[in-house]
Amino acid sequence: MIRHEPLYKGKFIDRPNRFVVHADLDGETITCHMPNPGRLWELLFPGVVLWIRRAANPGRKTLYDVVGVERDNTPVLMDTQYNNDVAEALIREKRIPGWEDWQILRREVTIEGSRFDLLLHKDEELFFIEVKSCTLFSKTGAMFPDAVTERGRKHILHLVSLQEKGYRTGILFLVQWRKATWFLPDYHTDPDFADTFAAYQDKLDWKAFSVGWNDRFSLPEPGRQLIYPGYILERENHDSGSYMVVLQVPEEKNAYIGALGTITFVPGYYVYVGSAKRNLAARLARHRRVRKKMH
C-alpha cells in the first residue's frame, strides 16, 4: 500500500512550520516534508523516533518525507495521503461493520462544490464518505480534530444537506492507534466542530475505526469499531471550566502583583491556574492579549 523504498529511523528535532520537520539522521540534521497538517503536539517531542524515506523526486527542496512516528514503542502513521488507500482497503475487505454490502465506485468525487474522498454504491444507491485521520489519542481513547478545522465542520453540514436530498452520507475516522476503544470529537480544541458533530451525527452513517502499523508501514492491521460515549460530550462541551496558562520568563524580572507588592521572577516556566463559570473562550483570549487593562 505504501511505497516500498527503504525507511530510515531518525529523531525529531523541531518543526518550523506545519509541513517541514528537522530530524537527526545518523548525526546529520536533515529537512523533511511533513505530510500531515495537524498540530501533533502529543506526538512530536525532541528525540522521538521518526520513520523517514527519501522523496520520490530527487530535485525537491525537502529530500525526505516523514512516514511515521513512534508512540509508546508503537509505529503511528503520519502520512495522510494514504488515508484513502487504507479506507478503500478496509471497505473492500468488508472490515467496516455495517458497510459490508457497499462497493467502491470512485475516489475524490466532487458534488455541489465539495470534494469527498470516496463514493460507494449499492445497486443504484450512492454513498458519499469523507475520510479523516485521527492521531490524537490516549491509552484507550481517541479524539478529532487536534487543531481547529472549519473545513471539517463545513464537510459535516454539506454531508447532512446531501443526506436530506436522499443520498447516503458518512464519515470514516481512521484512528491510527489500534489500542483505542472509544472516540469523541475534541471539544477542547474545536468546540464548534464538536457542537456540529453532536447535532448531526445521528443523521450520518459514520464510523470510527482503529488501525495499527508495523515498522514497514506496508499494510494496516485492522482493529475495531470504536464506541461513542456521547453523554460525555453533552456533559462537558460548554464554554466554562478550569484552565492553566503556562508562562515563560526568559530572564529575571520584577513585577508588581497587587497586594503582594513587587515580586522577583527568576527565569523559568510558571503556571497560572484559573476557572470560568461562563465565557471561558473569551477569558483565554484575554490572557493571550499583550495589551490589556490589568486588574
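Colleague: What makes strand S12 (residues 168–175) mostly covered?

Modeller: Seven of the eight residues of strand S12 are buried, where buried means under 20% relative accessible area, exposed over 50% and partly exposed in between (1.4 Å probe, protein chains only). Strands (E, at least two residues) and helices (H or I, at least four) are DSSP runs, numbered from the N terminus. This is a predicted model, in which local features need pLDDT of at least 70 and side-chain atom pairs count only at pLDDT 80 or more, whereas totals for chains, interfaces and linings use all residues. Residues are numbered from 1 along each chain as its sequence is written, and side-chain values use heavy atoms, with hydrogens and water left out.

Colleague: Which bridges join S12 to strand S14 (residues 207–212)?

Modeller: Four bridges join these two strands, which also run parallel.

Colleague: Why are S10 (136–137) and S13 (182–185) called edge strands?

Modeller: They belong to an open sheet of three strands in the order S10-S11-S13, with mixed pairing. Each of S10 and S13 pairs on one side only. Strand S11 (residues 141–144) pairs with S13 in the parallel sense over four bridges, and methionine 143 has leucine 184 in S13 as its bridge partner.

Colleague: How many aromatic pairs does the structure hold?

Modeller: There are 20 aromatic pairs. Among them, tryptophan 99 and phenylalanine 127 form an edge-to-face pair, at 5.3 Å centre to centre and 85 degrees between the planes. Rings of Phe, Tyr and Trp (its six-membered ring) pair if their centres lie within 6.5 Å; planes under 30 degrees apart count as stacked, over 60 as edge-to-face and the rest as tilted. Tryptophan 99 lies in the loop between helix H1 (83–92) and strand S7 (103–111) and phenylalanine 127 in S9, so the pair ties together parts 28 residues apart in sequence. Both residues are buried.

Colleague: What makes arginine 168 a charge over the ring of phenylalanine 127?

Modeller: The definition asks for NZ of Lys or CZ of Arg within 6 Å of the ring centre and within 35 degrees of the ring normal. Arginine 168 lies over the face of phenylalanine 127, at 5.4 Å from the ring centre.

Technical notes. Two strands pair if DSSP finds at least two bridges between them.
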